[in-house]
Amino acid sequence: MAECGVCFRHCHIADGQTGFCGGRTARNGTVEALNYGKITSLALDPIEKKPLRRFFPGSMILSVGSFGCNLRCPFCQNWGISWSEEAKRSAETAETIGPEELTELALSVRNRGNIGIAFTYNEPLIGYEFVRDTAGSAKAKGLKIVLVTNGTAELSVLEELRPYVDAMNIDLKGFTDRYYREILGGDRAQVMAFIERAVTICHVELTTLIVPDENDGEEEMRALSGWVSQMKNPDGDDVPLHISRFFPRYHMQDRDATDVRRVYRLAEIAREKLKYVYTGNC
Ligand code: SF4
């Protein structure tokens, strides 16, 4: 058995088996990324779609995803590559691409407004070695590196990526331990520690998806935005917060989409403490 130290789960993995996320395995007693260079999704997206609103607005970014996830959000929009039987199959059909090749691809679309590479769609940090290696090559060519993450990786992983990352959008999916533990299979304390460290490294924006009857209380938003307001980005400015609307998906189809008035009300509350609050999916 080998212990994986990449995220809060610390899986013990037998040779040939995979960890909880499906993206890591053990070989000869050593844990390695099974999804290294395995690409399931590739698109040139507007940076605002990540979402990042205060980092090179108006630019495009080459966005790549692999497979696997260490959370179990029942409403996942990307379940086909995150956690499902389909995700396991996508692992078998994913295309392999090396760090240099991905860098060249990103450079080739510079004339279409591309500023760099965003690691997104599935949880990129369960395969952080590919992020690190690609970022090393891409940064040397002047490209920007963006991560879209659930923020549950260990701080040692973040530290290893410190020299390379220019911006992150990190999910702060709610502000109660119950929601993180029981609904998402996550760990709120780990996410908070990750965010606190991330704002010392690069530009950070946060995203909260408002799910009816789960994390849509006004007091919860007051507490969440109050906590966010204590941090600053490296440029000394406020950390932007994206508040977005839930739609019934995947295993959570027992409720309607979030009422847009609810999203706007919670955004209003967040604006009492924060300078940059954006609503999404409304
Ligand atoms: S990254 Fe994957 S294998 Fe490693 S501890 Fe987390 S869930 Fe387990």
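Trainee: Where is the place of Gln77?

Mentor: Gln77 sits in the loop between β7 (60-65) and α1 (85-93). Helices (H or I, at least four residues) and strands (E, at least two) are DSSP runs, numbered from the N terminus. Before we go on, note that this is a predicted model, where local features need pLDDT of at least 70, side-chain atom pairs count only at pLDDT 80 or more, and totals for chains, interfaces and linings use all residues. Residues are numbered from 1 along each chain as its sequence is written, and side-chain values use heavy atoms, with hydrogens and water left out.

Trainee: Why does Gln77 count as partly exposed?

Mentor: Buried means under 20% relative accessible area, exposed over 50%, and partly exposed in between (1.4 Å probe, protein chains only). Gln77 has 48% relative accessibility, so it counts as partly exposed.

Trainee: Which residues does Gln77 touch, not counting residues up to four places away in sequence?

Mentor: Gln77 touches Phe247 and Arg249. Contact means heavy atoms within 4.5 Å.

Trainee: What about Tyr250: why is it called buried?

Mentor: Tyr250 has 19% relative accessibility, so it counts as buried. Tyr250 lies in the loop between β13 (241-245) and α8. Its phi is positive, about 50 degrees, although Tyr250 is not a glycine.

Trainee: Is Asn28 buried or exposed?

Mentor: Exposed, because the relative accessible area of Asn28 is 70%.

Trainee: Which peptide bond is cis?

Mentor: The bond from Lys50 to Pro51, with omega near -5 degrees. Pro51 is in the loop between β6 (41-46) and β7. Most peptide bonds are trans.

Trainee: What makes Asn122 buried?

Mentor: Its relative accessibility is 7%, so Asn122 counts as buried. Asn122 is in the loop between β9 (114-119) and α3 (128-140).

Trainee: What does the side chain of Asn122 reach at 2.9 Å?

Mentor: The backbone nitrogen of Ser66. A polar contact is a pair of N or O atoms within 3.5 Å; within protein, one must be able to donate a hydrogen and the other to accept it, and residues adjacent in sequence count only if both atoms are side-chain atoms. The backbone oxygen of Gly68 lies 3.2 Å from a polar atom of the Asn122 side chain.

Trainee: Which side chain makes a polar contact with that of Arg188?

Mentor: The side chain of Asp177, at 2.9 Å. Arg188 lies in helix α6 (residues 188-198). Arg188 has 16% relative accessibility, so it counts as buried.

Trainee: How do you know that Ala267 is buried?

Mentor: Ala267 has 0% relative accessibility, so it counts as buried. Ala267 lies in helix α8 (residues 260-271). Beyond residues up to four places away in sequence, Ala267 touches Ile243, Val277 and Thr279.
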